[in-house]
Each structure stands twice: as structure tokens, then as C-alpha cells.
Amino acid sequence: MNQQKRIGQRYQVNDRVLKKTISASRSMAPRKGKILSVEKRLNKLGHVSYYYRIQWDDLKSPALHAQHVLSSLV
């Protein structure tokens with residue numbers, strides 16, 4: 001059986017991140033922003049998932065996103 005390795009917290013407060021585009025059919029530019037805070041949430045199996053409150057460069061209010069849709073902006 002193939003078991004996936006669990007990944008911990010990838011990003012820290014004040015890191016710059018890029019939101020990955022989900023659909024290839026939509027031609028939206030990737031969104032860039034700065035992490036304001038980190039939240040840990042448990043799923044129904046009791047595993048920790050990380051969510052980040054991000055202030056996007058093109059928006060006025062911050063938004064909450066899961067770790068798996070973000071990539072590091074280096």
C-alpha cells in the first residue's frame with residue numbers, strides 16, 4: 001500500500017506566496033500576497049491541516065486559504 005508522507009507547516013507569517021491556478025481553462029493571472037496568520041485545523045481523522053490568512057496585493061481584505069493551493073514566491 002502506498003502511504004503518503006504528511007507535510008507540516010510550509011510557510012511562516014510574513015512569507016510571500018503565490019496562489020496556484022486550479023483550472024487550465026481559466027486564464028487568470030496568479031495571485032501574489034503576504035501571510036498574516038496561520039491556523040491549524042483538525043480533519044475528521046484527527047490530522048492537522050494548515051490554513052493561512054493572506055493579504056493579496058490586489059485586494060483590500062485578507063482571505064483564508066489551505067496550504068495545498070499555495071506555493072512559495074522566491
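This is a predicted model: local features need pLDDT of at least 70, side-chain atom pairs count only at pLDDT 80 or more; totals for chains, interfaces and linings use all residues.
**His65**

Next I looked up where His65 sits, and found it in strand E4. Then I checked what its side chain does: it makes a polar contact with the side chain of Trp56, at 3.4 Å. I also listed what His65 touches, leaving out residues up to four places away in sequence. Among them are Tyr50, Tyr51 and Tyr52, plus Lys19 and Leu70.

**Strand E4 and its partner**

I followed E4 to strand E3, residues 48–56. The two pair in the antiparallel sense, and I noted four bridges between them. Tyr51, already on my contact list for His65, stands opposite Ala66 in E4. How many residues does the hairpin use to get from E3 to E4? I got six.

**The whole sheet**

I zoomed out and wrote down the strand order: E4-E3-E2-E1-E5. That's an open sheet of five strands with antiparallel pairing. Which strands stand at the edges? E4 (63–66) and E5 (70–72) do, and each has a single partner strand, so one side of each has no neighbour in the sheet. I noted the twist too: it averages 50 degrees from one strand to the next.

**The other edge**

Last stop was E5. Three bridges join it to strand E1, residues 16–19, and the two run antiparallel. For Leu18, I found Ser71 in E5 as the bridge partner.

Notes
Residues are numbered from 1 along each chain as its sequence is written. Side-chain values use heavy atoms; hydrogens and water are left out. Two strands pair if DSSP finds at least two bridges between them. Axes are lines fitted to C-alpha atoms, for helices over the stretch in contact, and angles run from 0 to 180 degrees between N-to-C directions. A polar contact is a pair of N or O atoms within 3.5 Å; within protein, one must be able to donate a hydrogen and the other to accept it, and residues adjacent in sequence count only if both atoms are side-chain atoms. Contact means heavy atoms within 4.5 Å.
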